[in-house]
Amino acid sequence: MQDVERFRKRAIFQHWWIVACSLLLGLTGLFLFLSWVSPAAWWGWSRLVHRIAAVGFVGIPVIYFLLNPKSTWEWLKEAFTWNTDDLGWLQAAPSYYFGGPEEDMPPQDRSNTGQKLWMLVAIVTGVVFVITGFIMWFFKGSAAPGVLQAMVLIHDIAFIAGGTMLLVHIALAAFHPRMSEAMRSMTTGKATVDYVKSHHGKWYERVTAEK
Amino acid sequence: MSGKAILYDATKCTACRACQVACKNWNELEAEKTVNWGSYENPKDLSTDTWLKIEFREVGSNGDLRWLFTRKACMHCTDAACVKVCPTGALFYRPDGLVSLDKGKCSGCGYCVEFCPFEIPRIDTAIGQVFGRAAKCTACTTPGLNRLDNGYAPACVKTCPTGALEYDDRYKLVSAAKAKVEELKAIGYGNANLYGEDLVGGTHVLYILDDTPEVYGLIPDPKVPATATAWQDVIKPLGYAAVGVVGLGLLLNIMVARARIISKEEK
Amino acid sequence: MTNHWIDIRNSDRILIIGSNAAENHPISFRWITEAMSRGGKLINVDPRFTRTSSKADIYAPMRSGCDITFIGGMIRYILNDMQRLGPAGRTEKYNMTYVTQYTNAALIIDDAFEGASSSNHPGLFSGYTPKNGGGPGRLGGYDKSSWFYADKSTPASDPALVNNTWNTWEDLNPKCVLRLLWENFKVYDEAKVEEVTGCPKDTFLTVAETYAESGKTGRAGTIMYAMGTTQHTYGTQNIRGYAILQLLLANVGIAGGGINALRGTSNVQGSTDMALLWHILPGYLDVPTNTDQSLDDYIARAKKGKDFITPQGLAGDKTASWWWYNDDDPNYKKYIVSLLKAWWGNNATAANDFRFEYLPKVTAGDDYSHIAVFEAAAAGIVKGMMTWGQNPAVGGPDSEGERKALEKLDWLVVTDLFETETAAFWYRDGANHAAIDTEVFLLPAACSYEKQGSISNSGRWAQWRWKALDPIGQAKSDLEIIDELALKLKELYAGEGGVFSEAITNLFWDYREGAAEADPNVAAKEFNGYVWDTGEALTSFGNLKSDGSTCSGNWLYCGMYDADGNNKAKQHDPVDRSLNQIGLYSGWTWCWPINRRIIYNRASVDLDGQPWDEEHPVIQRTNGKWLGDVPDGGWPAINEAEPGSKFLPFIMLREGVGKLWGYGRAEGPVPVAYEPWESPLDKNLVTDVANDKTGRGAPGFNDPCCYVGELDMDGESWNKRGTPEEFPYVGTTYRLTEHWQAGQMTRNLPWLVELQPQPIAELDKDLAASKGIENGDIVEVSVARGAIQAVAIVTDRFQPLIIGGKKVHHIGVPWHWGYTGYSTGISPNGSSGNVLTPHVGDANTTIPEYKTFLCNIRKV
């Protein structure tokens with residue numbers, strides 16, 4: 001079976017870098033969220049890790065964008081392009097993801113609607129995390145208490161929203177039987193032609209037509 | 001209300017600042033480098049090294065000039081916003097109602113600093129400050145430097161030469177203070193009041209004032225911030241619920257999908 | 001203090017004047033606060049609104065240096081009351097029995113006396129001679145013979161006053177003390193008080209009436225004062241004013257009353273008790289002079305002018321005059337002989353006059369006070385100096401002048417905890433140390449927690465302190481240093497001989513008693529005194545003898561030990577066992593004399609020995625015994641005693657009654673409102689005498705006997721006098737709670753420096769605006785003698801005062817700063833407040849006039 005390249009090496013690197021940072025950020029954040037794991041936060045070690053990971057979380061994407069402005073821009077456009085086709089996905093999704101017939105799902109583009117939704121959430125919560133986090137870090141002690149209170153609250157809301165969506169992403173990307181090639185595509189960068197045809201039909205058509 | 005309290009009688013305070021020095025002495029806190037900025041008051045603000053200070057205010061003018069002194073330190077609230085938002089439990093309620101702080105558990109998040117309605121706790125905020133932790137008056141209950149559990153009054157109370165500070169059962173102090181407030185009113189201090197009796201559930205540091213709290217630089221109606229309540233009592237529980245529901249839902253989804261797709265393949 | 005700290009809580013009216021008790025004696029405020037919670041009222045008089053003023057019921061502003069006018073006004077108010085209220089009214093409002101029976105109010109003064117309001121000599125009393133010639137010294141002196149009682153040994157009293165039948169002043173003998181008081185004080189009505197002091201009339205009258213309320217029988221008023229009173233060229237007369245006020249109000253000897261000096265340091269009472277002042281020997285005995293050729297000469301001279309006086313026409317007819325009690329074997333002799341025995345031991349015998357010859361003698365008429373010593377150093381007369389726990393480079397007046405005078409010394413020994421400004425004078429900014437030949441030694445001293453010994457507080461309580469930790473490095477306690485010094489001197493003199501070496505070699509000096517170091521307990525026992533041959537401690541100065549069989553380093557402290565040989569300064573009975581719990585705490589440590597907590601307490605009872613104030617009895621005569629405090633003389637009450645033995649209450653005085661009229665002071669029997677040496681006025685508004693602005697002081701404008709220094713060095717005077725034209729503002733110096741004295745200790749303690757990090761200059765908003773000075777700006781305060789830089793505190797706590805129609809501003813500067821230590825001043829001279837003060841002193845004590853001078857200010 002032939003393979004199709006889904007993700008370049010650099011994209012894979014960035015993905016897993018973000019994963020690592022997010023894991024550290026999320027865990028150290030969780031230490032402050034759940035009281036029974038809060039001893040891990042004692043002495044401020046987790047705060048140090050959170051801040052270092054935050055720098056990485058912001059730094060690599062910024063560098064990536066500077067080195068790959070065009071592809072980053074394409075990716076961003078993808079996340080923010082929504083039309084009536086997406087409604088089709090929405091209608092078919094319940095049956096599809098619960099193991100119903102594959103044919104009932106309309107052809108998807110490079111990223112299916114669900115994946116685009118995740119991209120959106122990731123981007124928005126990421127930005128929210130960074131802005132609120134930046135203010136909490138660099139303006140601690142100087143910004144008005146009311147502002148810092150709001151930042152904490154919003155940071156937490158983003159954590160809840162992003163966190164729940166992340167669970168969906170991990171479940172579908174790593175464990176869902178229908179998304180069999182998803183993990184492989186983010187480790188080797190490749191997926192089989194059959195998979196791509198069935199899961200991202202629209203994209204396959206466009207790319208092969210260009211050829 | 002039960003528990004212990006500290007009573008500060010502003011009408012007896014002469015702003016000698018023995019309390020300020022006793023606090024530093026007992027809690028082994030460093031002196032700050034200060035300059036005279038045009039007042040006897042120093043340092044200018046509380047900090048991780050200054051947990052208690054006296055503020056000086058000149059009010060009125062020739063003939064009715066008053067020089068008022070206000071104690072500034074943790075109010076030891078019954079409904080303490082800092083305890084509410086502290087993620088690690090470094091800030092906690094003692095059985096006697098005082099709010100203590102175990103620095104060893106502090107994560108340096110700074111939420112206590114941001115949510116306290118009296119703006120009391122401090123944290124080292126320098127950019128390079130990596131392990132900066134919060135600090136505030138613990139009424140001398142800091143682990144390892146605990147006076148109260150060893151039968152002693154807080155250092156500030158012990159040192160005060162005029163008796164402006166007292167430490168006793170809260171209900172006794174409230175009763176005595178209210179009597180003093182009535183005496184003050186009787187001799188013409190119509191705005192005399194007992195500050196802290198019912199604020200934020202009742203504070204364990206009470207002030208006898210002969211004028212309004214505002215004149216003494218105190219916040220007249222402090223409250224636990226709405227953001228703290230929203231955060232801890234609404235959003236966090238909702239968050240648990242959301243994650244729980246989604247998590248369960250995903251589990252269900254994966255199991256069902258596996259069953260149906262695998263059985264299909266077997267077919 | 002006549003009373004003591006805790007006793008303040010018994011007071012109904014507390015007058016804090018010349019003191020900022022809340023800031024400088026914080027613990028005293030515990031008792032003031034308690035008095036106020038019991039209904040007592042606090043009055044505070046001060047040029048500046050201080051932390052004390054913030055707690056007062058009444059605050060009265062007053063130009064610095066005008067205490068006599070202010071207090072004179074209060075005295076006038078009372079005298080006026082006494083006259084206008086008539087016989088019944090005055091007895092209702094005041095305790096006239098006390099005034100007529102226990103003071104010299106009714107006694108008749110010499111006919112030749114002329115008061116200061118006499119046109120013959122405005123501002124001066126009869127008998128004045130101005131100084132001849134230049135150089136440092138007093139402006140003049142008095143022949144005081146006309147100030148004395150008309151009948152020198154049995155002064156008559158005015159029956160109209162004693163029997164309370166008088167209505168107008170003319171009803172009284174023109175030379176009756178009370179009438180002479182009226183003549184002296186009548187000028188100080190509320191208009192004059194306002195004109196001179198700047199205090200608004202209404203405020204002054206409120207103060208006068210409120211404080212006068214303490215004169216009622218059963219009520220008590222106390223005066224708490226400190227350096228604001230004493231540190232003037234007429235400081236002693238300021239205090240005389242308080243004595244007059246308190247005697248008129250029957251406040252002396254009672255609980256909650258008295259004249260209460262808040263001593264400036266924790267043990268200065270102890271230091272004066274032990275005669276760290278040049279003019280006395282321990283126990284306030286006279287210092288011998290070069291005219292005393294023998295012990296008998298000395299005793300005769302000490303007694304001269306102290307013969308018994310028996311007032312006539314009073315209920316009491318016997319005076320104790322304690323030192324001279326027992327004419328043939330006076331107590332005074334017992335005390336001096338016991339002292340000499342303590343110092344020269346077996347070497348002192350009756351045959352050799354108990355080695356009286358060995359005592360150093362001062363030259364009669366000369367002055368050896370701080371100011372005079374520095375004048376002598378400047379003139380090269382004093383060659384060497386030991387400054388012991390004292391930092392004159394910061395604490396002495398006219399700092400630049402005194403620092404310069406140190407340069408003239410051959411050697412200087414500084415004993416202190418830190419290298420002070422005095423020790424570092426030779427390399428201070430601006431010093432040409434190549435030209436300075438002084439050899440400077442620095443002996444490191446232990447602080448009070450590092451040594452054992454007693455500290456005598458303002459209330460005369462000698463409280464023992466124990467050692468908490470060892471001194472650091474090479475530091476030693478003062479006793480160890482003195483002990484080693486004395487032993488070494490003895491050794492050197494014994495080996496090498498020298499002029500008058502026997503005075504040292506024959507000293508009985510053994511404070512170690514076999515141990516490695518001197519023991520303060522040995523010194524304590526010697527101060528207490530013991531039977532020479534047996535070593536048995538004496539339990540009362542009544543047991544001291546004049547035959548050499550007893551020794552005592554200080555008769556006042558005799559009785560500190562009990563019959564079992566225990567030092568009562570160490571006892572700690574925390575229970576108040578006094579009558580009606582007036583707070584005597586007689587079992588808590590020990591006070592002199594013989595643990596009498598309130599002195600002159602025989603004045604606290606009526607002629608039958610019953611307390612004037614039943615709620616606060618100090619002593620009480622019951623069944624032929626005295627209950628309560630140690631009575632000030634255990635004799636029966638006046639009405640109970642036999643004629644000829646009716647002892648009057650003021651036992652240290654010749655006439656046995658309190659002296660409203662005090663004929664012994666240098667510049668007058670009663671106070672007159674003189675102006676400070678540097679005054680903003682052209683003319684004294686009370687005496688009408690003009691200010692000699694360019695001279696060295698005008699008698700009658702200034703105190704006619706005050707000491708004016710010169711500090712002539714290298715061809716110029718370092719005690720220049722400023723004129724109001726060049727220096728229009730009234731300067732004053734004071735202390736802060738957070739720093740202490742010359743700052744050696746507190747400016748080296750980071751927690752205190754954090755509170756008060758820099759020297760300040762406080763001024764009113766009006767003056768600041770006119771000079772473009774804002775709060776927090778760096779300013780320069782200058783006088784004719786130098787200038788300092790400080791941070792400006794622009795505040796409403798100073799207000800411009802209208803004096804004689806013109807606006808007068810104050811500028812206030814704490815004196816704690818210097819040029820060595822963790823916290824130093826802003827200008828290179830350390831911003832020491834005393835750079836500004838003049839080298840002039842009080843007429844009686846030569847205490848420097850630190851509290852008023854002329855200055856100018858500008859933004860830097």
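How much area do chain B and chain C bury between them, and what part of it is on carbon and sulfur atoms? Chain B and chain C bury about 3,000 Å², with 58% of this on carbon and sulfur atoms; buried area is the accessible area (1.4 Å probe) that two parts lose on being put together, summed over both. The model is predicted, so that local features need pLDDT of at least 70 and side-chain atom pairs count only at pLDDT 80 or more, whereas totals for chains, interfaces and linings use all residues. Residues are numbered from 1 along each chain as its sequence is written, chains are lettered from A and ligands numbered from 1 in the order in which they are written, and side-chain values use heavy atoms, with hydrogens and water left out.

The interface of chain B and chain C involves 40 residues of chain B and 37 residues of chain C in contact, where contact means heavy atoms within 4.5 Å. Of the area that chain B buries against chain C, 24% is supplied by B:N36, B:Y40 and B:W67, more than by any other three residues. Between chain B and chain C, 16 residue pairs are in polar contact, both residues being at pLDDT 80 or more. A polar contact is a pair of N or O atoms within 3.5 Å; within protein, one must be able to donate a hydrogen and the other to accept it, and residues adjacent in sequence count only if both atoms are side-chain atoms. On the side of chain B that touches chain C, α1, β2 (53-59) and β3 (66-72) of chain B each supply at least two residues. Helices (H or I, at least four residues) and strands (E, at least two) are DSSP runs, numbered from the N terminus. The largest share of this side, four residues, comes from α1(B). By class, the side of chain B that touches chain C has 17 nonpolar, 15 polar and eight charged residues. Here Ala, Val, Leu, Ile, Met, Phe, Trp, Tyr, Cys and Pro count as nonpolar, Asp, Glu, Lys and Arg as charged, and the others, Gly among them, as polar.

Three salt bridges are found across the interface of chain B and chain C, a salt bridge being a side-chain nitrogen of Lys or Arg within 4 Å of a carboxyl oxygen of Asp or Glu. In one salt bridge, the side chains of B:E58 and C:R797 meet at 2.9 Å, N to O. In another, the closest N and O atoms of B:R17 and C:E738 are 2.8 Å apart. This pair crosses between chains, from the loop between β1 (4-9) and α1 (18-27) of chain B, which holds B:R17, to the loop between β24 (729-734) and α21 (750-755) of chain C, which holds C:E738. Both B:R17 and C:E738 are buried; buried means under 20% relative accessible area, exposed over 50%, and partly exposed in between (1.4 Å probe, protein chains only).

Over all chains, the count of salt bridges comes to 64. Within chain C, C:R48 and C:E762 form a salt bridge at 2.7 Å, N to O. The pair links distant parts of the chain, 714 residues apart, with C:R48 in the loop between β2 (41-45) and β3 (58-60) of chain C and C:E762 in strand β25 (residues 760-763). C:R48 and C:E762 are both buried. A salt bridge also joins the side chains of C:K693 and C:E725 (2.9 Å, N to O). C:K693 lies in the loop between β20 (625-628) and β21 (707-708) of chain C, and C:E725, 32 residues apart from it, in the loop between β23 (716-717) and β24 of chain C. C:E725 is exposed, with a relative accessible area of 55%. Salt bridges that share partners join C:K404, C:E407, C:K408, C:R428 and C:D714 into one network.

The contact between chain A and chain B takes 38 residues from chain A and 40 residues from chain B. The area buried there is about 3,800 Å², of which carbon and sulfur atoms give 67%. One salt bridge is found across this interface, between the side chains of A:K140 and B:E114 (2.8 Å, N to O). By class, the side of chain A that touches chain B has 24 nonpolar, nine polar and five charged residues.

Chain A itself has nine helices and two strands. Of its 211 residues, 40% count as buried.
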